[in-house]
Amino acid sequence: MKKLLNTLFVTTPDTYLSLDGENIVIRREENILGRYPLHNLEAVCTFGYAGVSPALMGSCAERSIGLTFMTRNGRFLARVTGESRGNVVLRKEQYRISDAERRSALVARNFILGKIYNAKWILERATRDYALRLDIPRIKKVSAALSESMNLVHSVEDLDILRGVEGSAAVQYNSVFDDLILQQKEDFFFHGRNKRPPLDNVNALLSFAYTLLSNDVRSALESVGLDAYVGFLHRDRPGRASLALDMMEELRGVYADRFVLSLINKKLINSKGFYRKENGAVIMDDDTRKQVIKGWQERKQEKIIHPYLNEKISWGLVPYSQALLLARYIRGDLDEYPPFLWK
Amino acid sequence: MLVLITYDVSTKSAEGRRRLSQVAKKCLDYGQRVQNSVFECIVDTTQFRRLKFELEELIDEETDSLRFYNLGDKYKTKVEHIGAKSSYDMESPLII
């Protein structure tokens with residue numbers, strides 16, 4: 001397995017990133033804020049209109065370092081990609097699957113299977129760890145409903161039915177998500193998902209974590225030579241990285257939701273770091289955003305045993321290993337795509 | 001792994017001073033400068049061999065010297081810093 005390299009986040013406004021030898025140099029006016037060798041980096045994420053020199057863009061593209069631009073609030077703006085990587089035969093096969101509804105459904109159902117399985121085990125884990133603080137019968141009921149959904153998914157060969165099952169499973173899971181928030185309950189609550197803009201603290205955190213995750217997934221897919229824009233469950237729409245969204249389904253819960261929960265439950269953030277704009281949108285302040293990014297990076301360094309590969313890897317390499325498995329399935333080396341089943 | 005690189009390049013001649021700046025520049029490509037002629041580089045085996053080769057090409061073995069200290073992957077307990085000019089940790093979250 002490859003080594004997980006670091007991601008550089010630039011959150012200071014009015015910075016300029018340039019290339020010096022093999023280094024990325026971050027400047028603000030005349031001061032150099034940082035200088036890092038490119039070979040230690042996996043990706044560079046900038047928040048809030050940092051300028052980047054064309055030479056650096058070229059170097060990043062050449063070394064497949066993902067260079068992403070986001071607004072201060074973490075909304076995606078653009079990313080720089082160089083020549084397409086990998087093998088055209090693989091990509092064409094991906095397009096063929098995407099064009100055939102039934103074949104798409106066969107892959108898509110494994111993404112959903114992973115999603116529901118992981119949601120179930122998030123709940124089961126919570127009942128085990130906090131037996132005295134949770135409404136166990138309520139959560140067990142949802143968990144049983146999720147098991148039923150999984151049984152349904154196994155036989156689905158139609159995308160619309162699959163979306164239906166996925167939707168109802170998501171409703172079930174969301175109905176108890178608020179229970180998993182154990183600390184700071186008056187400031188952090190979940191009464192359903194809202195986005196663009198997020199209207200409460202938890203949704204603001206979730207949206208931000210999903211953006212970080214989608215970046216990681218997108219880079220992972222591109223690095224194994226797949227086209228992140230051609231999906232199976234999510235259909236084509238200009239500018240939408242459908243395959244990245246597909247693969248995120250199985251990772252949202254274990255990767256992003258649990259991360260958000262631990263930020264709140266471990267009190268790594270508090271309500272003072274959030275403010276509301278006139279239109280109701282909830283925004284994080286700069287310090288909180290930094291705290292979240294720091295936590296995200298630390299989480300990526302934690303080691304787990306990959307349940308399918310049975311190999312010890314860092315959390316940060318999970319999107320990459322799933323992308324690799326998907327590529328193997330598309331190539332015909334695996335009979336089925338093995339989703340990431342966490343327990 | 002973390003490799004510590006130190007060098008001594010004779011600066012008696014103009015040629016030597018030129019070599020000095022080339023060696024410094026090459027080390028900077030791979031890592032961070034922690035003191036004047038001391039660099040810390042996080043590299044894998046391939047990168048390390050390439051770096052070593054490139055540095056060997058630059059120096060004049062009659063007058064200059066290079067030293068490499070390989071501190072392995074678990075270097076964090078082996079490095080301690082006291083005083084000014086603290087360095088950054090290349091493997092912890094990088095947020096600017």
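## Polar and charged contacts between the chains

In this predicted model, the count of salt bridges between chain B and chain A is zero, where such a bridge would require a side-chain nitrogen of Lys or Arg within 4 Å of a carboxyl oxygen of Asp or Glu.

The side of chain B that touches chain A comprises, by class, 10 nonpolar residues, three polar residues and three charged residues.

## Extent of the interface

Contact between the chains involves 16 residues of chain B and 27 residues of chain A. The area buried between chain B and chain A comes to about 1,800 Å², and carbon and sulfur atoms give 60% of that area. Within chain B, the residues that lose the most area to chain A are Leu94(B), Ile95(B) and Ile96(B), which together make up 41% of what that side buries.

Two elements of chain B, helix 1 (14–30) and strand 5 (94–95), each supply at least two residues of the side that touches chain A. The largest share of that side, four residues, comes from helix 1 of chain B.

## Strand pairing across the interface

Strand 5 of chain B is also joined to chain A by strand pairing: two bridges link it to strand 1 (residues 6–10) of chain A, and the two strands run parallel. One of the residues in this pairing is Leu94(B), which is the bridge partner of Leu8(A); Leu94(B) is also among the three residues of chain B that lose the most area to chain A.

## Architecture of chain B

Chain B has two helices and five strands, and, read along the sequence, these elements follow the pattern β-α-β-β-α-β-β. Taken along the principal axes, the C-alpha atoms of chain B fill a box of roughly 40 × 30 × 25 Å.

## Annotated positions in chain A

For chain A, an unreviewed UniProt entry carries the annotation "binding site", which covers Glu166(A), His234(A) and Glu249(A). These positions are spread over 84 residues of sequence, yet they cluster in space, with a largest C-alpha distance of 12.5 Å. Of the annotated residues, Glu166(A) lies in helix 5 (residues 159–177) of chain A.

Methods. Residues numbered from 1 in each chain as written. Chains lettered and ligands numbered in written order. Predicted model: local features only at pLDDT ≥ 70, side-chain atom pairs only at ≥ 80, totals over all residues. Heavy atoms only, no water. Contact = heavy atoms within 4.5 Å. Buried area = accessible area lost by both parts, 1.4 Å probe. Nonpolar A, V, L, I, M, F, W, Y, C, P; charged D, E, K, R; others polar. Pairing = 2+ DSSP bridges. UniProt positions renumbered as here; feature names shortened; annotations may be inferred.
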